[in-house]
Amino acid sequence: MQCLRMSSKRNLFVRLVPCRCLRGEEETVTSLDYSHCSLETVPKEIFSFEKTLEELYLDANQIEELPKQLFNCQMLHRLSMPDNDLTVLPAAIANLINLRELDVSKNSIQEFPENIKNCKVLAIVEASVNPISKLPEGFTQLLSMTQLYLNDAFLEFLPASFGSSFAQHQSLSLSRSLSLCRSMHKLTQLERLDLGSNEFTEVVSVCLFFCPPKMLGALKQLSYLDVSKNNLEMVDEQICGCESLQDLLLSNNALTQLPGSIGSLKKLTALKVDENQLMYLPDSVGGLAALDELDCSFNEIEALPSSIGQCVSIRTFAADHNFLTLLPPEMGSWKSATVLFLHSNKLESLPDEMGDMTKLKVINLSDNKLRNLPYSFTKLNQMTAMWLSENQSKPLIPLQKEEDPETLKTVLTNYMFPQQTRTEDCIPNSDSESFNPSLWEEQRKQRAQVAFECDEDKDERETPPRVSSHWRAMKMTVK
């Protein structure tokens with residue numbers, strides 16, 4: 001059963017029964033939706049409205065070809081046909097001179113017809129997940145184009161004049177495609193660029209845009225850049241020219257360092273450099289005053305720069321699976337931080353200043369070498385989960401204060417301290433198996449117990465009884 005939308009004096013909505021046409025003299029049909037109807041062919045009823053139809057949705061069917069009559073609907077400005085079985089986009093599409101949006105994603109289309117250039121007002125094309133190997137030269141004559149999505153295509157190259165033709169492009173998405181063109185540097189109005197999951201080795205140089213490095217700095221309007229899952233070994237210093245950049249995704253590459261100029265990106269709110277080969281973060285990272293999320297996990301970082309404390313807007317910070325032994329006390333300036341992932345490092349102690357992170361809700365410290373926690377942690381009254389072990393049975397385990405025999409400072413501890421380096425051969429099944437209960441109870445009575453200033457019963461009610469081993473999933477628990 002399909003829904004027929006009519007635009008008329010009455011704004012009428014009725015149901016369209018196959019082989020039955022419902023029309024009134026004053027009714028003008030402008031939109032038809034045949035999505036998810038298990039159709040194998042385009043319904044003939046559509047052609048009855050060819051003079052007025054503006055929007056047609058044929059999403060998620062099993063349509064294999066498009067009839068010629070469809071392209072007599074010259075008033076169409078939106079044609080949506082994703083998730084079908086189309087193999088050819090007919091040349092007759094050139095008749096749709098008013099077409100502004102075309103979605104043919106998730107089909108088996110191998111190429112666009114050359115005469116698509118006649119669709120002069122076409123602005124948005126979504127053709128992801130198709131075996132398209134190239135774009136015709138006629139594609140470069142679509143001067144109204146602002147958004148192009150070709151993710152998961154088989155593109156080998158783009159037309160040489162692509163960048164010149166689409167200088168007003170705002171969004172270009174080419175994830176899991178291959179090569180670009182020499183004129184890419186002319187896309188100065190580009191706001192969103194997605195090049196994830198390709199085989200590029202540099203941003204931006206000969207291997208990426210086939211143009212001078214200064215090209216990257218010309219993208220003044222670029223706010224989103226995703227070049228994750230490539231083979232990048234460097235990021236050009238000219239990235240500082242992307243003054244509007246807010247999201248920079250460099251995950252899953254082969255980066256050994258970041259450019260010092262990265263600190264000039266004053267509007268950057270998300271920086272993801274996880275799963276690389278970084279040994280340090282540049283001191284200039286402190287210039288990222290607007291940074292809200294920083295993920296540098298799964299690298300080879302041994303120390304964080306003290307300047308990182310200047311990133312006062314950070315809410316989520318992930319530095320797990322590195323080689324950190326100490327944290328800079330300047331991190332205590334992160335008054336907005338709510339989530340910290342510091343597990344799987346070599347931390348032996350934490351700075352007292354971390355107690356100033358008064359909005360901290362979740363912290364993962366498991367798989368480190370901590371002897372105790374700073375007494376200042378008692379000020380973290382919004383804490384809902386503190387993971388000290390991967391097999392911890394509750395999100396919060398009571399802590400006791402005692403005097404550290406080495407520093408003579410008052411610290412917090414419990415039966416999970418000192419932490420032991422995890423080995424695959426010997427992993428306790430739960431926190432209850434890692435200590436002697438009777439001995440600990442005797443020692444506990446001699447200590448003053450410290451509880452976080454929060455409702456523990458409420459935490460237990462709202463938190464699952466067991467802990468997922470996939471720690472990164474916890475990022476979604478606090479926003």
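The legends below walk through several close-up views of a predicted model.

**View 1. Glutamate 55 and arginine 78 pair up across two strands.** Here the side chains of glutamate 55 and arginine 78 form a salt bridge, with N and O 3.9 Å apart. Glutamate 55 belongs to strand S4 (residues 55–57) and arginine 78 to strand S5 (residues 78–80), so this pair ties together parts of the chain that are 23 residues apart in sequence.

**View 2. Lysine 272 meets glutamate 293.** This salt bridge joins the side chains of lysine 272 and glutamate 293, again with an N to O distance of 3.9 Å. It links distant parts of the chain, as lysine 272 sits in strand S15 (residues 270–272) and glutamate 293 in strand S16 (residues 293–295), 21 residues apart. Lysine 272 is partly exposed, with 26% relative accessible area, whereas glutamate 293 is buried, with 15%.

**View 3. A salt bridge between two loops, aspartate 352 and lysine 409.** In this pair, the closest N and O atoms are 3.4 Å apart. Aspartate 352 is in the loop between strand S18 (339–341) and strand S19 (362–364), and lysine 409 is in the loop between strand S22 (399–403) and strand S23 (410–413), so the bridge ties together parts that are 57 residues apart in sequence. Both ends are partly exposed: aspartate 352 has a relative accessible area of 37%, and lysine 409 has 45%. Elsewhere, salt bridges with shared partners join Glu55, Arg78 and Glu101 into one network, which brings the pair from the opening view back into the picture.

View 4. Where does aspartate 274 sit? It is in the loop between S15 and S16. Is aspartate 274 buried or exposed? At 10% relative accessibility, aspartate 274 counts as buried. Its side chain makes a polar contact with the side chain of serine 251, at 2.6 Å. Setting aside neighbours within four places in sequence, aspartate 274 is in contact with Ser251, Asn252, Asp295, Cys296, Ser297 and Asn299.

**View 5. Leucine 248 inside the largest nonpolar core.** The largest nonpolar core has 60 residues, and those with the most contacts inside it are Leu248, Phe317, Trp334, Leu342 and Leu373. If you centre on leucine 248 and leave out its neighbours within four places in sequence, you will find it in contact with Leu225, Ile239, Ile262, Leu265, Leu268, Ala270, Leu271 and Lys272. A second, separate core has 41 residues, among them Leu32, Ile93, Leu96 and Val104. As background for this view, nonpolar side chains tend to be buried together in soluble globular proteins.

View 6. How many disulfides does a search of the whole structure find? It finds zero disulfides. Cysteine 37 counts as buried, at 17% relative accessibility. Cysteine 311 also counts as buried, at 0%.

Technical notes: Residues numbered from 1 in each chain as written. Predicted model: local features only at pLDDT ≥ 70, side-chain atom pairs only at ≥ 80, totals over all residues. Heavy atoms only, no water. Salt bridge = Lys/Arg side-chain N within 4 Å of Asp/Glu carboxyl O. Helix = DSSP H or I, 4+ residues; strand = E, 2+ residues; numbered from the N terminus. Buried < 20%, exposed > 50% of the residue type's maximum accessible area, 1.4 Å probe, protein only. Disulfide = S-S within 2.5 Å. Polar contact = N/O pair within 3.5 Å; in protein donor to acceptor, adjacent residues only side chain to side chain. Contact = heavy atoms within 4.5 Å. Core = buried A, V, L, I, M, F, W, Y, C linked by side-chain atoms within 4.5 Å.
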